[in-house]
Amino acid sequence: MQVLIADDHSIVRSGLTHLVGELDEQAGVTAATSFGQLTQLLDQGPYDLVIMDLRMPGLGGLDEVEAVVKRVAPVPVVVFSMIDSPDEMRAVLSRGVRAFIPKSTDDVLVVNILRLVMAGGSYVPPVLGMPGIAQAPAAAKAHEPSVFDGMTRRQLEVLDLLAQGLSNQEIGERLGLNLSTVKTHVTGVLKALGVGSRTQAVLLVKESGRDRLV
């Protein structure tokens, strides 16, 4: 797997390189610090994934982003940005970008989003009021990577019950677990999903469009 990362901040490039390594230990990463360097490095491909910022030197606008998308197609292009304006996010996604990942996104969720994108799926930030996880193409439906990958069956059972509005006590009664064990599982669920609250975890379930996870 070969990945091109374009961002003018070294700490962001380092962080993304680490996350790509979690996605694929054998991944090779090429880094660009400006849009001009990005376009030059595209000639040295092929790449399997392109991750780029929107606020780097030389990038004039979304027409240039769309040009990159078309140039590397069908290779997915992911935008990793500090932009928090829903309108700007929609504008970026309308140019064919496969996923818009805000830089505030937890690292665990970033890895799962990248895994989904590599399987042919797409990601839309929940702030846009759309489903956060878009299904992968039919060819990938035998196993569609999602933010729930990597969770244990018990964690998925607990998350299902959380999504149904059950309290920790009620979850324990339903699964035959003591309260302390339920709390431990809930903590594990939040960590696995990269969220800070039960509400955020339930929101991810609702956005996935699934009735049940197990």
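I will start with charge. Asp63, Glu66, Lys70 and Arg95 are linked in a network of salt bridges. Please keep in mind throughout that this is a predicted model. Over the structure, the count comes to 10 salt bridges. As background, side chains of opposite charge can pair when their charged atoms come close.

Next, the pairs around Lys103. Asp7 forms a salt bridge with Lys103, and their closest N and O atoms are 2.9 Å apart. Asp7 sits in the loop between β1 (2-6) and α1 (10-23), and Lys103 in the loop between β5 (99-102) and α5 (107-118), so this pair ties together parts that are 96 residues apart in sequence. Are these two residues buried or exposed? Asp7 has a relative accessible area of 0% and is buried. Lys103 is buried as well, at 18%; the cut-off for buried is under 20%.

Lys103 also has a salt bridge with Asp53, where the closest N and O atoms are 3.5 Å apart. Here the pair ties together parts that are 50 residues apart in sequence, because Asp53 lies in the loop between β3 and α3 and Lys103 in the loop between β5 and α5.

Let me stay with Asp53. Its loop runs between β3 (49-52) and α3 (62-72). Asp53 counts as buried, with 2% relative accessibility. What does UniProt place at this position? The unreviewed entry has the feature "modified residue: 4-aspartylphosphate" at Asp53. Leaving out residues up to four places away in sequence, Asp53 touches Ala6, Asp7, Asp8, Leu59, Phe80, Ser81 and Lys103.

In UniProt, "domain: Response regulatory" (unreviewed entry) covers residues 2-118. Over that stretch the chain is 45% helix and 20% strand, and the end C-alpha atoms are 12 Å apart.

For contrast, a pair elsewhere in the chain. The side chains of Arg153 and Glu157 meet in a salt bridge, 3.6 Å from N to O. These two are 4 residues apart in helix α6 (residues 153-163), so about one helical turn separates them. Arg153 counts as exposed, at 57% relative accessibility.

Now the nonpolar side. In soluble globular proteins, nonpolar side chains tend to be buried together. The largest nonpolar core in this model has 42 residues, and those with the most contacts inside it are Ile51, Val78, Ile101, Leu114, Phe148, Leu159 and Leu193. At least three residues of this core come from each of domain 1 (2-128) and domain 2 (153-208). Which residues does Ile51 contact, apart from its neighbours within four places in sequence? They are Val3, Leu4, Ile5, Ala6, Leu16, Val20, Val78, Phe80 and Leu114.

The domain assignment of the chain gives domain 1 (2-128) and domain 2 (153-208). Their C-alpha centres lie 31 Å apart. The contact takes 5 residues from domain 1 and 5 residues from domain 2. Between them, domain 1 and domain 2 bury about 370 Å², with 60% of it on carbon and sulfur atoms. On the domain 1 side, Val108, Leu109 and Pro126 lose the most area to domain 2, together 75% of what that side buries. How many salt bridges are there between domain 1 and domain 2? The count is 0.

Finally, some backbone points. Most residues other than glycine have a negative phi, and most peptide bonds are trans. In this model a cis peptide bond joins Ala73 and Pro74, with omega about 10°. Pro74 is in the loop between α3 and β4 (77-81). Further along, helix α9 (residues 198-208) has as its buried residues Ala201, Val202, Leu204, Val205, Glu207 and Ser208. Just after α9 comes Gly209, which takes a positive phi of about 80°.

To close, back to the one residue I would point to on the screen: Lys103, with salt bridges to Asp7 and to Asp53.

Methods
Residues numbered from 1 in each chain as written. Predicted model: local features only at pLDDT ≥ 70, side-chain atom pairs only at ≥ 80, totals over all residues. Heavy atoms only, no water. UniProt positions renumbered as here; feature names shortened; annotations may be inferred. Buried < 20%, exposed > 50% of the residue type's maximum accessible area, 1.4 Å probe, protein only. Contact = heavy atoms within 4.5 Å. Core = buried A, V, L, I, M, F, W, Y, C linked by side-chain atoms within 4.5 Å. Domains from an automatic or database assignment. Buried area = accessible area lost by both parts, 1.4 Å probe. Salt bridge = Lys/Arg side-chain N within 4 Å of Asp/Glu carboxyl O.
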